[in-house]
Every structure is written in C-alpha cells, then in structure tokens.
Amino acid sequence: MTIRDDHAVAADLATEAGERLLRVRDRMGFGDPSALRAEGDRSSHVFLMESLARLRPSDSILSEEATREERLDPRRLSADRVWIVDPLDGTREFSERRAGPGSGGLRDQDGAEGSATTSPAEGRSDWAVHVALWERGRLAAGAVALPAQGRTLTTADPPKRPTYDGGRFRIAVSRTRPPEFVQKLAYLVGADLVPIGSAGAKISAVLTGEVEAYVHAGGQYEWDSAAPVAVALAAGAHASRIDGSELVYNQADPSLPDILVSLPELAASLLAGIRDLHR
Ligand SMILES: Nc1ncnc2c1ncn2[C@@H]1O[C@H](COP(=O)(O)O)[C@@H](OP(=O)(O)O)[C@H]1O
Ligand SMILES: [Mg+2]
C-alpha cells in the first residue's frame, strides 16, 4: 500500500482486516467459538497496528485490543492525530453460525429467511472492522468494513443516505444488551425493534436503509462508535449522545456509554421520547 489520503487508508485497512477475518473464520470453523473470537480479535489487532505503524508512523492509536497501559498512554491525549480502531466489533456474532430456517426461537435480522446477507461460511454477517481517524478534536476519516456482507462504508465515498417518508419505522438495538427503555420508546414513537449485533453493523444498517435508527445505552467505548459515526456524519445522518449532546472522542477515559444514530428527520422525536422516558 502506498501513502494515500486518510480516507483511503481507513477504507483499505478496514477492508483488508475484514478479508483476513473471513479467512480466519473459514479456516477455524465454528467448533470452538471462544478460540475463534480470541484469534479474530488478536490477528485483526496485530494487522491494524502493524499497518498503521508503517503507513502513519507519527500518529497515535487507540484500539480495543490494546493493553491497559497502551490505552492509558498520555501521549495519545496530547497527539494531534489518533486512529481509533475496533479490530472486530461484534466479536460474539463473528463466532456464531447464522440461524437457519426452521431453527426456532426468536429470529433477529441475521437469522431471517431470505436475508441477503448470508456469509460464505454460513456464519452471521453482523460484525465489522472499524478504523477511524480523530484529528484535533473531530473525526476526520473513517471506514466500517462489513466483510460478511461484502461491503465497506467509508468517508472516502459516503453512502447516499436514505430518506424517511413518515410512518412506522425501525430501531436497531443490541441483541444481548438492549437499553431497558427501548420497548417503551418504540411504543412511544411508533417503531419496531430490530436486534442486530455490532455497533458498526447497526449504524451501517441506518445508512443502508435496513433500519432508520440505532439506540444504545448502558455501556460502550469510543472504538465501538468512532468509525461508524464518522461515516454516518459524512452521510448527513444524526449522531449524538442520547441526551442530544455531542459524541466526544479521544478522552482519557474511553467510555462512551450511550448513542443515538438516526436519519435526521427522526432525531428530534427520538430525543424527545428518550427525554420523556427519563423524566
Ligand atoms: N453494556 C455494555 N458495556 C460495554 N460494552 C458494550 C455494552 N453493550 C455493548 N457493548 C459493546 O458494543 C459493541 C456492540 O454491542 P452489541 O452487539 O451488543 O450492540 C460490542 O463491541 P465488541 O464486539 O467489539 O466487544 C460490545 O462489547
Ligand atoms: Mg466493539
């Protein structure tokens, strides 16, 4: 890879890391999910660290898979440029087989019959690789690779944002840790809940028209949202904390526990609904 602009670096690295993860999953299969998760996290982190060190040697890096000492490195807080990466977002889903027709139980988006997102190895497709660049106080570039969906969403060429024509809409939520207020919120605003794994896959689903919003609360970190929020903002979507305040990155404490991403037409009513439920 030659030195190119930051948007292209983010897109190329996320895409290549994703292709490597697909190969890891094909090679290891689903027999030992915890070993698959560990190898996915580790190998993708190593690839991204080595690549960024080579391509952008002066920049700092904040990665989910870094050690605690690396994350607390004070140089990151005075740096002008920090890459915020999640080598494998939706680690749980990466290690799961896709639910087949007739498998019973509660079906979520990735288990639905006729879904267009089947991965080659019959694994789930709601996991992602996040590569974002934070520069002097703002997200400057980002890419979200969705390897098992065969696409990368990127600030190099932001997706064309769907428009909202009114009526019932869909809110993506965590499959395993949805905020306790979302059922009431959905009722209040006239929406259906769609469980999807991975913050990157959920924010991408807003940008590709599978849902119209994503709401999360109760815990998350900067690397879970930096890259998909960079793409969402570049596409003209709404992205904020659930109280409407700005999402702020490259903080000493990388906790960023709640988020709302939506088509811009829906942001005001979602924020008002969340506010009402927290009164
Ligand atoms: N309550 C919580 N506390 C900490 N992290 C959380 C969380 N809820 C979700 N996350 C993180 O946000 C990402 C998306 O989660 P979900 O699929 O449940 O929506 C996951 O990232 P990783 O897969 O990178 O660990 C998950 O660990
Ligand atoms: Mg994550």
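This is a predicted model: local features need pLDDT of at least 70, side-chain atom pairs count only at pLDDT 80 or more; totals for chains, interfaces and linings use all residues.
Arg136 counts as exposed, because it has 10 C-beta neighbours inside 10 Å and the cut-off for exposed is 12 or fewer. As background, most residues other than glycine have a negative phi.

One bridge can be located by its residues: Leu133 has Ala141, in strand 4, as its bridge partner.

Within it, Ala145 stands opposite Thr152 of strand 5. Strand 4 and strand 5 form a hairpin too, with four residues between them. In the turn of that hairpin, Gly150 has a positive phi of about 65°.

How much of strand 4 is buried? Seven of its nine residues are, so the strand is largely enclosed by the rest of the structure.

The domain assignment divides the protein into domain 1, residues 6-154, and domain 2, residues 169-277. Taken over C-alpha atoms, the centres of the two domains are 19 Å apart. The contact between them takes 33 residues from domain 1 and 27 residues from domain 2.

On the side of domain 1 that touches domain 2, at least two residues come from each of strand 1 (60-63), helix 4 (75-78), strand 2 (81-89), helix 5 (91-94), strand 3, strand 4 and strand 5. Which element gives the largest share of this side? It is strand 4, with six residues. Sorted by class, this side of domain 1 holds 16 nonpolar, six polar and 11 charged residues.

## The nonpolar core

The largest nonpolar core has 72 residues. Inside it, Val131, Ala132, Val206 and Val261 have the most contacts. Helix 8, residues 222-234, gives the most to this core, namely eight residues. The core draws on both parts of the chain, with at least three residues from each of domain 1 and domain 2.

Val261 shows what such a position looks like. Apart from its neighbours within four places in sequence, Val261 is in contact with Ile203, Val206, Ala213, Tyr214, Val229, Ala232, Ala237, His238 and Ala239. Val206, one of these, is also among the residues with the most contacts inside the core.

## Around ligand 1

There are 15 residues around ligand 1, and those that come nearest are Asp89, Thr91, Ser174, Ala199 and Gly219. What classes make up this shell? One residue is nonpolar, nine are polar and five are charged. Domain 1 and domain 2 each supply at least three residues of the shell.

Thr176 is found in the loop that links strand 6, residues 169-173, to helix 6, residues 182-189. It counts as exposed because it has 9 C-beta neighbours inside 10 Å. Thr176 and Gly197 are 21 residues apart in sequence, and 8.1 Å lies between their C-alpha atoms.

Ser198 lies in the loop between strand 7, residues 191-195, and helix 7, residues 199-208. Is Ser198 buried or exposed? It is buried, because 31 other C-beta atoms are within 10 Å and 20 or more are needed for that class. The phi of Ser198 is positive, near 75°, in a residue other than glycine.

Ala8 belongs to helix 1, which covers residues 6-28. With 18 other C-beta atoms within 10 Å, Ala8 is partly exposed. Ala8 and Ala156 are 148 residues apart along the chain, and their C-alpha atoms are separated by 6.2 Å.

Note on methods:
Residues are numbered from 1 along each chain as its sequence is written. Chains are lettered from A and ligands numbered from 1 in the order in which they are written. A nonpolar core is a set of buried Ala, Val, Leu, Ile, Met, Phe, Trp, Tyr and Cys residues joined through C-beta atoms within 7 Å. Domain bounds come from an automatic or database domain assignment. Two residues are in contact if their C-beta atoms, placed from the backbone, lie within 7 Å. Two strands pair if DSSP finds at least two bridges between them. A residue is near a molecule or strand if its C-beta atom, placed from the backbone, lies within 6 Å of it. Ala, Val, Leu, Ile, Met, Phe, Trp, Tyr, Cys and Pro count as nonpolar, Asp, Glu, Lys and Arg as charged, and the others, Gly among them, as polar.
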